[in-house]
Amino acid sequence: MEENLNKHSNISAADLKRLTKEADDEATPSSAKIIWNEFRADKPAMVALFIVIAFILFVMIASLFINTSQIMQTNIMNYNASPGTSGFVLGADSGGRPIAQQLIVGARNSIGIAIGLTIISSTFGICWGLISGYFNGYIDWGMQRVYDFMMMLPMTMMIIVLVTIIKNYNAVTLTLIFSIFYWEGTSRLIRSRTLSESEKDYVAASKTSGTNSFKIIFREIMPNISSLIIVDTTLSFAENIGVETGLSYLGFGLPIQTPSLGTLIANANDPNNITQYWWTWLPAALLIIVLCLSISYIGQVIRRSADASQRQGTEN
Amino acid sequence: MWKTILRRIMIMIPEVIILSLLVFLLAKAMPGDPFTGSINPKADPAQLHHLMKLNGLYDPWYQQYWNWVVHLFHGNLGNSYQYQEPVTRLIGSRAVNTLWLALFTTILTYCFALPMGMYAAKHEGKLPDSIIRVYTYVTYCIPFFVILVIGIWIFGYVLGWFPTTGSISSTATPGIGSIGSRFYHILLPGILGALFGTVNVVQYLRSEVIDAKRSDYVRTARSKGVPEKDIYKHHIFRNSLLPIAAFAGYSITGLLNGSLFTETVFSYPGMGLLFINSISYRDYTVITALVLIYGILNLLGTLLSDIILSIVDPRIRIE
């Protein structure tokens, strides 16, 4: 290419290189670079990013070395052992099960479900919103009625009823049940954005030149609202951590043999535990708070970087 | 205006019918039955069959559904298997507790959120604004049940300021005493709910006020020499208040969904706790009734908000 160009023009290779470099410098930086700059400008955001990544990695790796069925065996001898006693870093619960190991496995389960739920429900919500927003008219009307109906359902109650119906459910079925009910927020956001996007000229031009509708939706509109999608996905990830843990707390999430941050907090339902044996539930509660705050802070930073007028990171 | 409301209600009717059918079928699909656990384990299986038959639990589902709907229109939701009491009376006594708590929380939320939103907008971009933004952001992203558990631990158990269970203390005297005791029991869940539920109202009010600050009528008022305090009080706040009122409907729906958690943590005998208990007893009649009531309340809350919004903002009205 370079040689070919040189044959027909009198620009030297060195000049071409210099010009390319200048053009690159002046061009708008890629969105990944903008986000990275934003993180570098905001020290707390770097800390939050570090906490989340390090914690998820730690939990995923550490839980590989923990035998869940072994730690979930009841051992009366260690009834509510206090933190620091032989082999119990964070003490034990009323069944003599070590809290620290439960915390690691529980955090892995809760984060895993939250990730799964975010992926499934966001994908579905994004597709729903894009299609509903792009095809105005009857399709949109019908899809909006389904949306209205889903919004009217008392979500937590419906999930509890479904969980009771399904026998022998596990993390996967639980994630699927949650996903049925948690796509509305995303779909609404994406729909309203798609509505305004599909009135723009480039969509009209594509339509006139006969481009396939689905190609317009997924290859043209979707990339243009990708920053919104990224922001929304991060923020809903933080919310989804609360979904599974909340249900597990009520006793309708993961089964009791499977530790989760929610079942650990449910230890606090016992007045003895909540007053005397704080180590059985407080670490899990604090962990959820730190995780949710960090993740949604990251979401806030990404949102800021998507909006040029709010950016703090300077281009360098 | 009336067209909008009428059309909304027309859409609501099929939604309620589908919900009732869905709920009924799901409750029927739950494993187990309401009698096996509650009767003496030595009970004769034949007697169990008799009970099942008597309660129509062997009928085909459409027959059962039809009976249920017919009874529903007579104001009869059946008997609770667990409490041996008409469901309407059972839920009625619990609903009062839940609704008081929801109402109290909503009022408190507005008491906290309105000054915050106004103050943040008045000092837009300055320190108070950022503090309030951080506050709403922090309260928004922590799961509410964690806050409740930590709240009841600190203020209920460690400091002992607030009661930790029930809706009324057993020693309360009738009259003023019992009202006081009831109020004392909803105080902590109400305050926690309000402190951690301000985000929507604060952000909406803030952006409304900031928009109003730059509008022409405010500039006119300023150039006439109206004092800054009066501009906020009479011109800006009045105009921003009505859209904010519309959030009351949404906020009550949110509180109802949160009532499952609030009432479990505080052992507060409302509809949410009743639901959790009924699930483990397979108390079909109560479960179906509660899901239906929550669904309808959700609808009405959204409808209320939409009506207020359409009064305020003519653009959303349907012609």
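Biologist: What does the side chain of A:N267 have 3.1 Å away from one of its polar atoms?
Modeller: That's the backbone oxygen of A:T280. Keep in mind that this is a predicted model.

Biologist: Where in chain A is A:N267 placed?
Modeller: A:N267 is in a loop of chain A, the one between α14 (261-265) and α15 (271-275).

Biologist: Is A:N267 buried or exposed?
Modeller: Buried, because its relative accessibility is 16% and the cut-off for buried is under 20%.

Biologist: And which residues does A:N267 touch, leaving out those up to four places away in sequence?
Modeller: A:D93, A:N273, A:T280 and A:W281.

Biologist: Let's switch to chain B. Where is B:T262 found?
Modeller: B:T262 sits in helix α11 of chain B.

Biologist: Buried or exposed, that B:T262?
Modeller: Buried as well, because B:T262 comes out at 8% relative accessibility.

Biologist: What does the side chain of B:T262 reach at 3.0 Å?
Modeller: The backbone oxygen of B:G258. Leaving out residues up to four places away in sequence, B:T262 touches B:L101, B:F144, B:L148 and B:P189.

Biologist: Zooming out, how many helices and strands does chain B have?
Modeller: Chain B comes to 13 helices and 2 strands. Of its 319 residues, 44% are buried. If you take contacts in chain B between residues at least 6 apart in sequence, 72% of them join residues at least 24 apart.

Biologist: Which residues of chain B does UniProt list as "transmembrane region"?
Modeller: The unreviewed UniProt entry lists 99-121, 142-163, 183-205, 241-266 and 286-312 of chain B. Residues 99-121 of chain B are 100% helix and 0% strand, with end C-alpha atoms 32 Å apart. Residues 142-163 of chain B are 68% helix and 0% strand, and the end C-alpha atoms there lie 24 Å apart.

Biologist: Where does UniProt place that feature in chain A?
Modeller: Again from an unreviewed entry, UniProt gives residues 45-66, 111-135, 155-183 and 278-302 of chain A. Residues 111-135 of chain A are 96% helix and 0% strand, with 36 Å between the end C-alpha atoms. For residues 155-183 of chain A it's 76% helix and 0% strand, and the end C-alpha atoms are 12 Å apart.

Biologist: Now the interface. How many residues of chain B are in contact with chain A?
Modeller: 40 residues of chain B, in contact with 42 residues of chain A. The two chains bury about 3,600 Å² between them, 83% of it on carbon and sulfur atoms.

Conventions. Residues are numbered from 1 along each chain as its sequence is written. Chains are lettered from A and ligands numbered from 1 in the order in which they are written. This is a predicted model: local features need pLDDT of at least 70, side-chain atom pairs count only at pLDDT 80 or more; totals for chains, interfaces and linings use all residues. Side-chain values use heavy atoms; hydrogens and water are left out. UniProt positions are given in the numbering used here, feature names are shortened, and annotations may be inferred rather than shown by experiment. Helices (H or I, at least four residues) and strands (E, at least two) are DSSP runs, numbered from the N terminus. Contact means heavy atoms within 4.5 Å. Buried area is the accessible area (1.4 Å probe) that two parts lose on being put together, summed over both. Buried means under 20% relative accessible area, exposed over 50%, partly exposed in between (1.4 Å probe, protein chains only). A polar contact is a pair of N or O atoms within 3.5 Å; within protein, one must be able to donate a hydrogen and the other to accept it, and residues adjacent in sequence count only if both atoms are side-chain atoms.
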